Amino acid sequence: MDIESKLDTDRFGFKIGKTNGDIFADNPSETIKKLEDLGYKLLIARVDFKDIELINKLEEFGFRVKDSQMTYRYQLKDFKSDYIKFDTIDYVIREFKGSDTKTLMSIAKKSFNNYGHYFANDKLNKEKCQEIYEDWTYNSCVNKNVADKIFVAEFNGEPIGFLSFKIYYKDGNSYAAGGMGAVDLEHRGKQIFPRLVLSGLQWGSVIGLDWEEHNVIVNNSPVNKSFTKMDFKPDDVVITMHCWLNKK
C-alpha cells in the first residue's frame, strides 16, 4: 500500500501518507495497522463532507479535522467576456514571465503564513509549513505538470499577485482547476483577486474549456465572497483530516 507523499516525507523528515478516505472505508483498523507496519507516522486524508459515517469512523481511530474546503465551479457556456467591470485601472493583469518567479514565491510565503491544514497541525514545524507554499509556487512556475497557465497582477511594473491554473480532462470534458494564487498583503481589498479569476475565465473560454473550478477553505470569507459575486456555484465540500501513528 503505497500512499507516500514523498515531498512531505522529505520536507518534514518522517514518512507521511496522503490519500482520500476510501481506503479506510471497509476496515480502518486493519488499514491503519498495515500503514503503521510500513513506517508511516502521519496520515493525511481528504474526505467527502457528506460521508459523515466515514468521518466519524476515522475520528474513532484518531483522525482530526484540520481544514474544510468548498469547490466553486463556473460553467463556461454561461461566460460573457464583458459581464464584470473593474475600476482598478492602475493594476495590469498579464501572463506570467520567468523573471516573476522569485517575487511570486515571496508573495506566497507571506500570504500563506498560518493558513491551511499543515499549519493547523501543532506538531508540524511552522517554518517547513511555510516552505510548502513557496515550493508549490516555484513548481507552478517551472513545471507544466503543476500549472499550465499563470496570470500575474502588476502594479508600477512589479508583480503583486498571481493565480495559476491546471487543465484536466474528465468524462469527455475539459476544465481548469485553480492552483496557487495570492495577492500581496498591501494590495488586498482592491479587486485584484477577482480580476485574476476573470482573466482565467476569459482564457478558458477562448481555448474551449467546459468549466473552471477553485477550492477555497470555508472560513476564508473574502475569497468565498469573491467567487459568489462572480456567479461561481458552490459544489463539493471536502475535509482534510490528520492522524498520527505509532503514538506509543
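Residues 24 or more positions apart make up 73% of the contacts with a separation of 6 or more in the protein, a contact being heavy atoms within 4.5 Å. This is a predicted model, in which local features need pLDDT of at least 70, side-chain atom pairs count only at pLDDT 80 or more, and totals for chains, interfaces and linings use all residues. Residues are numbered from 1 along each chain as its sequence is written, and side-chain values use heavy atoms, with hydrogens and water left out.

The protein has 7 helices and 9 strands; these are DSSP runs numbered from the N terminus, helices being H or I of at least four residues and strands E of at least two. The radius of gyration, taken over C-alpha atoms, is 19 Å, close to the 18 Å that the globule rule (2.2 Å times the number of residues to the power 0.38) gives for 248 residues, so the protein is as compact as a globular protein of that length. The C-alpha trace spans about 60 × 35 × 30 Å along its principal axes. Of the 248 residues, 50% count as buried, meaning under 20% relative accessible area with a 1.4 Å probe, protein chains only.

Helices α6 and α7 pack at an angle of about 45°, with their axes 10 Å apart. Axes are lines fitted to C-alpha atoms over the stretch in contact, and angles run from 0 to 180 degrees between N-to-C directions. The residues in the contact are listed below.

| Helix | Residue range | Contact residues |
|---|---|---|
| α6 | residues 192-206 | F193, P194, V197 |
| α7 | residues 221-229 | V223, S226, F227 |
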